Amino acid sequence: MPDDLLERLRRFKSDAFAAQRSLFRHLVDEGQRPLTLFIGCSDSRLVPYLLTGAGPGELFLVRNVGAFVPPHDQSQGFHGTAAAIEFAVLNLQVRRIIVCGHSHCGGIRALYGDVSPEAPHLACWLELGREAALPVAEPGPEVLRRTEQRAIVLQLERLMGYPMVRARVAARELTLHGWHYVIEDGEVHVFDVQRGAFVPASQSEHAGTGPYLPDPDDALDASGVPAA
Ligand SMILES: [Zn+2]
């Protein structure tokens, strides 16, 4: 049986790597300085590099079921997504965070069904989208679409619970973007906080919310210390 994966690894080195060798060298010598933290669903049909046209060194990626953001709390555990958010904001000092969900999301669909008793971690994880679910037993396509979009906004709100995120958004050093990618249309709908709605990128004047408009009470500098 031919080893397809091995073939792909060899082709990467001879083709893609060869074409961008100097870029990879630069990224090794200078280190990575991505401006964007991209939190996306693990779904195989969501391809962040294709959507954004990004190349090596441009996206700090976190992917999980549903593109969910866990709360910033004191609970102990192996919080991979929370750790990545902290690292991206504090160490890499990214300038924007994108939360990207999508149409036909299995994680969102699972909010309306039973999860296998063999998957306790999945069942627990899905609770991060629970508030987005609508009170219907059998969701149709429109309900699922709305749930997907509501879940994205929910994660943006939860991101604002991270002190280092909230402080930088208030200081206008960081912007948050909610994206809903409709696979079959090739269209990303970006969340517009002013309109409280998702707008197709082809009709939008911006790539998403931009910074939440800070409350006067939120006049914090990036260190989290209230401004005088
Ligand atoms: Zn998904």
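Two strands pair if DSSP finds at least two bridges between them. The views below show a predicted model.

**View 1. Strand 1 beside strand 2.**
Strand 1 and strand 2 run parallel, joined over six bridges. Within this pair, Gly-40 sits opposite Arg-63 of strand 2. Helix 4 packs on the sheet here and touches strand 1 and strand 2. The direction of helix 4 makes about 165° with that of strand 2. In general, strands of a sheet pair through backbone hydrogen bonds, either parallel or antiparallel.

Six strands form an open sheet in the order 2-1-3-4-5-6. Their pairing is mixed. Which strands form the edges? Strand 2 and strand 6 (197-200) do, each pairing on one side only. On average, neighbouring strands are turned by 25° against each other, direction ignored.

**View 2. Helix 7 against the sheet.**
Helix 7 packs on the sheet and touches strand 3, strand 4, strand 5 and strand 6. Its direction makes about 160° with that of strand 4.

**View 3. The largest nonpolar core.**
This core holds 43 residues. Leu-37, Ile-39, Ile-97, Val-99 and Cys-100 touch the most other members. Several elements supply at least two residues each, among them strand 1 (36-41), strand 2 (59-64), helix 4 (80-91) and strand 3 (96-102). Helix 8 (163-170), strand 4 (175-182) and strand 5 (187-192) also supply at least two each. Which element gives the most to this core? Helix 7 does, with five residues.

**View 4. The surroundings of Cys-100.**
Cys-100 is one of the core residues that touch the most other members. Leaving out residues up to four places away in sequence, Cys-100 touches Phe-38, Ile-39, Gly-40 and Cys-41, among others. Its contacts also include Leu-46, Ala-67, Trp-179 and Tyr-181.

**View 5. Two residues with positive phi.**
Most residues other than glycine have a negative phi. Ala-67 has a phi near 60°, a positive value. This residue is found in the loop between strand 2 and helix 4. His-104 also has a positive phi, near 60°. His-104 lies in the loop between strand 3 and helix 5 (106-109). Is each residue buried or partly exposed? Ala-67 is buried, because 33 other C-beta atoms lie within 10 Å and the cut-off is 20 or more. His-104 is partly exposed, with 15 other C-beta atoms within 10 Å.

**View 6. The whole chain.**
The chain has eight helices and six strands. From the N terminus, the elements run α-α-β-α-β-α-β-α-α-α-α-β-β-β. The C-alpha atoms fill a box of roughly 55 × 50 × 45 Å along the principal axes. For 228 residues, a compact globule would have a radius of gyration near 17 Å; the chain has 19 Å, which agrees. Buried residues make up 29% of the 228. Among contacts with a separation of 6 or more, 62% join residues 24 or more positions apart.

**View 7. Confidence and the stretch 218-228.**
The average pLDDT of the chain is 92. A score of at least 70 is reached by 92% of the residues. Over residues 218-228 the pLDDT is below 50. Beyond near neighbours in sequence, this stretch has 19 contacts in the model. Where pLDDT is low, the predicted coordinates should not be read in detail.

How values were computed:
Residues are numbered from 1 along each chain as its sequence is written. This is a predicted model: local features need pLDDT of at least 70, side-chain atom pairs count only at pLDDT 80 or more; totals for chains, interfaces and linings use all residues. Helices (H or I, at least four residues) and strands (E, at least two) are DSSP runs, numbered from the N terminus. The radius of gyration is taken over C-alpha atoms; the globule rule is 2.2 Å times the number of residues to the power 0.38. A residue is buried if 20 or more other C-beta atoms lie within 10 Å of its own, exposed if 12 or fewer, and partly exposed in between; C-beta atoms are placed from the backbone. Two residues are in contact if their C-beta atoms, placed from the backbone, lie within 7 Å. A nonpolar core is a set of buried Ala, Val, Leu, Ile, Met, Phe, Trp, Tyr and Cys residues joined through C-beta atoms within 7 Å. Axes are lines fitted to C-alpha atoms, for helices over the stretch in contact, and angles run from 0 to 180 degrees between N-to-C directions. pLDDT is the predictor's confidence in each residue, from 0 to 100.
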